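Student: I'd like to learn how to read side-chain features in a structure. Could you walk me through some?

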Amino acid sequence: MNRIPERGDVPLPPGALHVAVGWRTGRGVPDVDVSALLLGAGERVRGDADLVFYNHARHPSGAVRHLGRSAPGAPGSQAADWLWLDLARVEPEIRRLVIAASADGGALGRVPGLDVRVTDAAGAPLVYRPLGGATTGTALVVGEFRRDGGGWGFRAADRGYASGLAGLATDFGIVAEPPPPPVPGPGYVPPPAPPPPRAAPPARTSDPYGGEFRPAAYRGRGRETVRCGPDLPAGRWVLVEIESYHSLSTTVEACDAYGRPTGYLLAAYEDDVRARTVALVPRARPLSLRVEADAPWTLRVLPLSRARRFDSHVEGLAHDLVRYDGPAAVLDFLHRGASRFTVHRHAPPPDPLHDDEERELLVDAAGGTGGVRVSVPVPGPGLLRIGGDGPWKCAVRP
């Protein structure tokens, strides 16, 4: 990763980018927010819409989006707040995109491990800068994207504000609304009564397993981290398909906010692999996946509606993901392969706002000359993530 020089621009490749302001959590450490200001003539915004932050998450041009903050972990763990940029979609009259960090509940000097990072859409690091110089201010310009001929570059910046994001935004032309006038007269003036509640609109039915979006494909070789775009349904599952040929092993792992692997979604040890698995999209950051193979690979991220569905019988080969839509039952599995055979069941959490899933290992059996025959109960609908090295069958018994 290129460390940003104090002077001069770091040239950037065309295409989508991710920007993250990161820090280390802890007791009493303020949370940090990242924002972007799109500057036109006179180095000022054209209006309030040119400030993209947590309360205005999408620029009208579609060039900048605020993705949100990664969920904080235990004290001392890493956290980050994320932006997505597509510099090719920035309007011609915009010459600079200023990136700012602001603290919620204290000075930036109280935030350990503060840094800014830029990666490409696949998660490859481009630039990095630690922000250790922040002291008493509550907002800081940490860098800016600048047009450089026909392309863009990123330049480091240090400009602190004691008045927070509001003061920083005002300095670039955002007009802050004045406070409401005082109520005349002595004593307490009660607020107006709230309007009577409206009848709730009818609930919309939706697929609890995911949402529709445009499929995406990523290609690489060896070990790479893929950071997916912002159009995936937050808090929902997506279907992940990996294809690799003539490789000793092919693995896909989920990653945390810093691109560090957190667990295997798929591990295949066949020479030729075309396999499917499932990933849960975080609510407050891009989905990151670590792919590793000895040969070129293609990773596809698809809506879960593309997964195979069954309620009585299904057959497959090696690694696959199938959706069981039936009631509580017993599943009879037959796997004809020499290696380990596993079946994981994924189900939505009881609390739909909880950024997690229920995951259960139903089958973990060693293969052999006779294959694997096993029966397991299931409480109802769910996703079945199946792993093996040969053909398998599953039949349902009520």
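Tutor: Happy to. Let's begin with how exposed a residue is: Asp 364 has a relative accessible area of 45%, so Asp 364 is partly exposed. Keep in mind that this is a predicted model.

Student: What is the salt-bridge partner of Asp 364?

Tutor: Asp 364 forms a salt bridge with Arg 340, and the closest N and O atoms are 2.6 Å apart. This pair links distant parts of the chain: Asp 364 sits in strand S24 (residues 358-365), while Arg 340 is in the loop between strand S22 (329-335) and S23, 24 residues apart. Arg 340 counts as exposed because its relative accessibility is 52%, and exposed means over 50%.

Student: How many salt bridges does the structure hold?

Tutor: The structure holds 21 salt bridges. Take Glu 144 and Arg 96, whose closest N and O atoms are 2.5 Å apart in their salt bridge. Glu 144 belongs to strand S11 (residues 139-148) and Arg 96 to strand S8 (residues 96-104), so the pair ties together parts that are 48 residues apart in sequence.

Student: Are Glu 144 and Arg 96 buried or exposed?

Tutor: Both Glu 144 and Arg 96 are buried. Now try another pair: Arg 223 forms a salt bridge with Glu 292, with the closest N and O atoms 3.4 Å apart. Here too distant parts of the chain are linked, with Arg 223 in strand S13 (residues 216-227) and Glu 292 in strand S18 (residues 288-302), 69 residues apart. Arg 223 is exposed at 55% relative accessibility, whereas Glu 292 is partly exposed at 31%.

Student: What about a charged residue that has no salt bridge? Where is Arg 345 found?

Tutor: Arg 345 is in strand S23 (residues 341-347). Arg 345 is buried yet has no salt bridge, and the nearest side chain of opposite charge, Glu 360, is 4.5 Å away.

Student: Which backbone oxygen lies 2.8 Å from a polar atom of the side chain of Arg 345?

Tutor: The backbone oxygen of Pro 381 does. Leaving out residues up to four places away in sequence, Arg 345 touches several others, including Glu 358, Leu 362, Val 378, Gly 380 and Leu 384.

Student: Let's move to rings. How is a pair of aromatic rings described?

Tutor: You give the distance of the centres and the angle of the planes. A search of the whole structure finds four aromatic pairs. One of them is Phe 53 with Tyr 54, an edge-to-face pair at 5.0 Å centre to centre and 70° between the planes. In the pair of Phe 145 and Phe 154, the ring centres are 4.7 Å apart and the planes meet at 75°, so this pair is edge-to-face.

Student: Where does the charged end of Arg 65 sit?

Tutor: The charged end of Arg 65 sits over the ring of Trp 84, 5.0 Å from the ring's centre.

Methods:
Residues are numbered from 1 along each chain as its sequence is written. This is a predicted model: local features need pLDDT of at least 70, side-chain atom pairs count only at pLDDT 80 or more; totals for chains, interfaces and linings use all residues. Side-chain values use heavy atoms; hydrogens and water are left out. Rings of Phe, Tyr and Trp (its six-membered ring) pair if their centres lie within 6.5 Å; planes under 30 degrees apart count as stacked, over 60 as edge-to-face and the rest as tilted. A charge sits over a ring if NZ of Lys or CZ of Arg is within 6 Å of the ring centre and within 35 degrees of the ring normal. Helices (H or I, at least four residues) and strands (E, at least two) are DSSP runs, numbered from the N terminus. Buried means under 20% relative accessible area, exposed over 50%, partly exposed in between (1.4 Å probe, protein chains only). Lys and Arg count as positive and Asp and Glu as negative; His and the chain ends are not counted. A salt bridge is a side-chain nitrogen of Lys or Arg within 4 Å of a carboxyl oxygen of Asp or Glu. A polar contact is a pair of N or O atoms within 3.5 Å; within protein, one must be able to donate a hydrogen and the other to accept it, and residues adjacent in sequence count only if both atoms are side-chain atoms. Contact means heavy atoms within 4.5 Å.
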